[in-house]
Each structure stands twice: as structure tokens, then as C-alpha cells.
Amino acid sequence: MKEIYDLLIIGAGPAGLAAAIEAAKHKISVLVLDEQSEAGGQIYRSIRTTQSLRPETYALLGPDYQHGENLEKTFREAGIEFLAGASVWQVEPDRALHFLRNGKSQKVSYRRLLAATGALERPVAIPGWTLPGVMGAAAADVLLKSSGAVPSGKVVLAGSGPLLWLAASRLVSAEVKILAVLETTKYAYYLQALPYLPQALRAAEYLLKGLRLKRQIRRAGIPVFSGIRQLRAEGAQKLEAVHFDHRGQSKNFEAETLLIHEGIVPNTQLTRQLGCEHRWYERQRYWHPLLDEWGNSSVDGVAVAGDGGIVAGALIAEASGHLSALEAAFQLGAIQKIIEIRPPKLTVKLSGIIKRCVLFWNSYFRQIRKSSFHLRRTL
Amino acid sequence: MLKRLRNSKGKNITIWFEEKPISAQEGESVASALLCAGVEDLRTAPLSGASRAPYCWMGVCFECLLEIDGQPNRQSCLIPVQEGMRIRRPALNFGESA
Amino acid sequence: MLDSFKKSGNLHFPEQQVETIIFRNNCFEVQTKSERFSAKKVVLACGLGISKLALQVGLEVPLRPQRGQILVTERTRPMLVQPFVTIRQTGEGSFMIGASHEEVGLDSGTTTQEMRRLAQHAVNVFPQLSSLQLVRCWGALRILTPDTKPVYAESASCPGAFVVTSHSGITLAPLHAGIIPRWIVEGKTPVGFEQFHSRRFDA
């Protein structure tokens, strides 16, 4: 490990991996740190281990997960310096970064820092949420990826958002006993979302995927309760029953596992410690760092890529990582000029993938500025 | 509380939890191996004494903290099992951990 | 505390930075960026922001920031019942270690240098603490007067304008909830209070 690196990337998920791969092409020194034991972040958690040791699970997880295999392989083969199991705990104003690895704290300096620390499942503090057996729904998905394990007893899912349905779908494929899906979404919200439908139809594949997931759950004979309230977990030493109100009636299910999900929020611990400016995003109810189009934060030399900036999923994270690396290379003087593309005026010749990334990213930021429904067409 | 979806192609491994041997498989986390082996609570909360088990499975909730090979407060959901690992619940007795 | 404040019918206007205070016809006009308020009495309790506003109501209150950093450990079972000046265990089981004084202007960040020093201090006092993990650290700015004692002052040129400041707002809470409000409302200076006027700093 060197004393100082041109670009220090924290996080080896899709954003960090894509950034590292691009940065390595521009002859700048790069170090990647991640607190997990292997690259992949959460969306592609343990992709290499799953593919080599648990091929049936790998197949079950489907093409969205398998997409990460190529990314991880390209990263590994590029020979970029990577320290796994490294937990960053302090970054000083003089650009010295401290991390904990194997019980020892080490220090490394940087010229530019890219925080690609991603997002986390929003903790949902219902009564009884600390009982063993209560977990996040995305957490169960991560568990399946990282260790090939699923809940062994009866499961209830509760909450809202696409990941709830994705988790349910994967568990159904894994033949886990699901008793019910409890949706907290109020009927009124569907009506409120209607004006955005024409726009959402431009990324229809996301809507179709959602409908397919819901249909799979219904076909499996799993009851769905919508607009539930007063969700609580009960039990003595561990979860024994899930209670809720539905249409004015009290109901409950005896279960060993409750999977709750109310969306994903950016992990802002590092950007807060760095003193970056943050903004509240009312529509998704989370704080996020204030960034320009290239991912630069309000702190000089610090940029953010991926879900840690705005939660938009793995494919956009890849694109934003790619762009952040270009910006870093430019700021470090390894690239002479970056020409911005403002759609619809396409003027400059860049290679195909970069052109699409910039188009994607620019129009994405326009959407955020207009505060509109942010489902975008995949690359 | 948990079960393995399928057996992994990796090696069978023995880890030790509170001096008892536990069967694990290469490529899984310590926390997952313990929960698949029937350990229902990984630790107790220091003040209330309530049982606790992992919540987030990604390293942000700190409910999976265990002492691993003498080092306290390791996030067991992030650490892959290794042959012969010695795992203990967190020591609540001030200054008595290894 | 905030709930009882509001329940008593009091009003709280957040994000209203006061820019000017004008004393006119025995009344104070308080101007923020977007609003104007008027009152018969004004209490400046805004810490490091006091000096600038106090001048507008005829009081000179020299204040300077001083940074303190603290370390917080993981929770463990209750061991230390007696709080020490620099080390204490909270009701939730964490140990808090704080013994630093830095003159760094308005920087409320944390530094590894000070963290190391605080950790070493804690371990020197209680060697067993070395087995506890550190969970977080904080930096914050104390509001210091030149002699570190509080300032409780009413303006002579603008009667009804008060300054209340100390760097021990929590320790002195009983006083701040008892004698001080009566002093402000009734206008009679309590015995001995003269010593806390800011004129003691005049050259």
C-alpha cells in the first residue's frame, strides 16, 4: 500500500467497481476499500462466492444479480489495488483517511476521494422490532446472496416498495413458507401517483417487472393485505406473532420471521463526517449529499457516486461511478478536456457507452431538479 | 431460524461457538452458520438482557457482534467462516474478554 | 422540554436568524430575513451569536469559541456509578470521555490526534477501559467569556434587553429555570448578580 493515492474509492459495489475500472485506464493511482470480505457491494453481494460455491442459488437469483459477475471479473482482472475488510472510520481535512482492518488502524492519504458507500435499508422501528426473527426484507435478500440461507420457519413480509416484492418473489422461488404480505401503502397513494403514470410508462419495463412480481405472489396463493396499520411484532425471547390492523379489524399471524421494508436510503455517514452539505429529499424522505452533475460534493476533492448520492439502483450506480472516474481523471490532469453533452444537442464523438452514460446522467439530474418520479429506462 | 437453501460445493468446516463444535460450510458468514445451527440469539443487550439477532445483514445495525478468535465486537454477518474459528458471545464482564 | 414549551402556548420560529434589533419607544423591533417581531423584552441566549447582537442593545459581551471533543464507547453493563470530571458512564451503558480544550475558531470537527490523547487518558485512569470499543466521537464548541464565568446582564441604555450565557447550560439548568426567569420578568436584580454583568470585562 502506498502512502498517497490519486484516487481513493470507498466501496466496491457497482459504483465503486465501475469507477475503479474506468480510473485504471487513465494512469492514475487507485486504491479501493470495502468493509465486506469481497467485492460486489450489496446488490452483487458475494457474487464470486455464490457463483462458484452455490450455483443453484446463483441461478435462482436471476439475471439482475448475474449482471454483477462481469463487473466483478473485469475489476479483478484489471489488477486494481483492493483492500477488503477495511472499515473507514475517520477522514481528516488534510486528506488523510483512517481505516480499521484486521483489528489494526491504518492511515492513507489521497488527492481525490470517491465515496461509493451506497445505501441501506430504512430501519423500521415498530414495536417489537428488536426481537430475534425480525429483519429487513432486503436484508433477507442479502443473506441469501452472502450465505445462501433463508428463513426456516413461517415468514410474514410487511412494508412497501419494490424490494419488498422482489424479496417475496425470491423467497417463493426458494420455497420458503410465506404466510402473507402486508402492504403499508395507503390506497390514496396510488391515486396520488396517477399523474406520473404517463412518464413512468417510458420506463415500462420497471412497471411490468413490478406487476410480474405481484402476480407471482398471488399465484403462489399468498394473501396480500393492503393499507395495513399498527404493525407490531410480539414474542417473549424471539418473534412469535405479527399483529396488524386491516380495514378496522385486528389480525395476526403466528410466524418465526418478519421481514419489514420501507425503502432504501443513502448511507450518509461518511459524507456527514466529511462535512458535506446535505439536502432533504421530501418525496423519498431521506437526506442525501448535495452533488453537481459529475458527483462532486460541497467539499473540495470529495465526490459521491451511486446510491449514496441518490437511490436509483445498480445500473445507474455503474453509470455514475464511470462518470465520477472521468471527473477525477480530469481534475487530476490525466484527461485534458471533458465535453459535456446536453440532450438533445448531441455533438461530440465519444465512445458509445460514455455517450449513453452522460445522456442518462444528465437527464436523470434534470428529473431530480424537477422533483419528478425517478424511474428511468435501463441502459 | 435459518436454513441453507442448498448445500454448498465448498468444504465442510467446523467452527466453535462457546466451546461447542458447529458444522459450517465454506462461503457463508459466521452469523448465518450459527443461525442455521439453531443458535437463536447471538447476544444479549447489555442493559435489558433481551436476546438479539441480526437485523440488517449488511453491517449497519451492529446486532451481530460476537467475539471471534479473541477479538471482541466483530460483525459476524460480514465475516466468512474459517476452519477452527473460536466464537464467543460478547463478554459483559468489564475487562474480562480475551 | 420542547413539547412542554409549546404546550404552554409559547411560540417557536425556527430558521429565523435575527439580523437587527432596534429599541424604539420602550419596545424592541427584532428583524430577521423575512419577518419582524416586536416585544417589550428581549433575551439574547444565542451563544456565539450574542456578541454581534448585544452591541445593538448597548451591551458589550466578549465571547470566544473553544472546542471540546468527546469519545463514546460501546454499551456495557453499569460499572461506574460515580461520574468523574472527564470520564462517566451514561444510563444507557456507554462511557463518555471528554477532557480537551482547543482554540480552533469555529471548527467543530474531530481529530485523530485528540482522540488518541483522550483514549490514552481514559486508559491511564481505568486500564480496563482498553477492552471497550469506541463507537463515535463528537466535537463541539464551548461558549467562553474571558473569565469563563457566565454573563447575566441587563442593558442600561436599552432596559428590557438581557444577555444570558454560560458554557455550562446543563449544569446550571436549575438556576436558569429558577432565578433567571424571575429576574427577567420582575426586573429586580437578585443579590450578587451584579458580579455577572458584562461590564466586568471593560478595560
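**Note on the predicted model: chains A, B and C**

1. In chain C, the hairpin made by strand 6 and strand 7 has four residues between its strands, and G93(C) takes a positive phi near 105° there. The model is a predicted one, and the values in this note should be read as computed from it.

2. F95(C) and I97(C) make up the covered face, whereas S94(C), M96(C) and G98(C) make up the uncovered one.

3. What does strand 7 of chain C pair with? Strand 6 (residues 87-89) of chain C runs antiparallel to strand 7 and is joined to it by three bridges. Strand 5 of chain C also pairs with strand 7 in the antiparallel sense, over four bridges.

4. Is R64(C) buried or partly exposed? A residue needs 20 or more other C-beta atoms within 10 Å to count as buried, and 12 or fewer to count as exposed. R64(C) has 14 C-beta neighbours inside 10 Å, so R64(C) is classed as partly exposed. Between the C-alpha atoms of R64(C) and G49(C) the separation is 10 Å, with the two residues 15 apart along the chain.

5. Chain B has eight strands and one helix. Where does the helix fall in the order of elements? Read from the N terminus, the order is β-β-β-α-β-β-β-β-β. The C-alpha trace of chain B spans about 40 × 25 × 20 Å along its principal axes. A compact globule of 98 residues would have a radius of gyration near 13 Å, and chain B agrees because its own value is 13 Å.

6. Burial and contact range can be given for chain B and then for chain A. In chain B, 43% of the 98 residues count as buried. For contacts in chain B between residues at least 6 apart in sequence, 38% join residues at least 24 apart. Chain A has 11 helices and 20 strands, and buried residues are 46% of its 379 residues. With contacts in chain A again taken between residues at least 6 apart in sequence, 67% join residues at least 24 apart.

7. How many residues of chain A and chain B are in contact with each other? The count is 34 residues of chain A and 32 residues of chain B. Several elements of chain A give two or more residues to its side, among them helix 2 (47-53), helix 3 (55-77) and strand 9 (149-151). Helix 4 of chain A gives the largest share of that side, six residues. By class, the side of chain A that touches chain B has 13 nonpolar, 15 polar and six charged residues.

8. Strand pairing also links chain A and chain B. Strand 9 of chain A pairs with strand 1 (residues 2-4) of chain B in the antiparallel sense, over three bridges. Within this pairing, L2(B) in strand 1 of chain B is the bridge partner of P151(A).

9. The domain assignment divides chain A into domain 1 (4-120 + 265-369) and domain 2 (129-262). The C-alpha centres of domain 1 and domain 2 of chain A are 29 Å apart. Contact between the domains involves eight residues of domain 1 and eight residues of domain 2. Helix 3 of chain A supplies the largest share of the domain 1 side, three residues. That side of domain 1 has two nonpolar, four polar and two charged residues.

10. Helix 8 of chain A, residues 204-219, can be checked for length. At 1.5 Å a residue its 16 residues should span 22 Å, and the model agrees because the end C-alpha atoms are 22 Å apart. Why is helix 8 of chain A described as lying largely in the open? Of its 16 residues the number buried is one, so the helix lies largely in the open. Just after helix 8, G221(A) takes a positive phi of about 80°.

Key
Residues are numbered from 1 along each chain as its sequence is written. Chains are lettered from A and ligands numbered from 1 in the order in which they are written. This is a predicted model: local features need pLDDT of at least 70, side-chain atom pairs count only at pLDDT 80 or more; totals for chains, interfaces and linings use all residues. The radius of gyration is taken over C-alpha atoms; the globule rule is 2.2 Å times the number of residues to the power 0.38. Two residues are in contact if their C-beta atoms, placed from the backbone, lie within 7 Å. Ala, Val, Leu, Ile, Met, Phe, Trp, Tyr, Cys and Pro count as nonpolar, Asp, Glu, Lys and Arg as charged, and the others, Gly among them, as polar. Two strands pair if DSSP finds at least two bridges between them. The expected span of a helix is 1.5 Å times one less than its number of residues. Domain bounds come from an automatic or database domain assignment.
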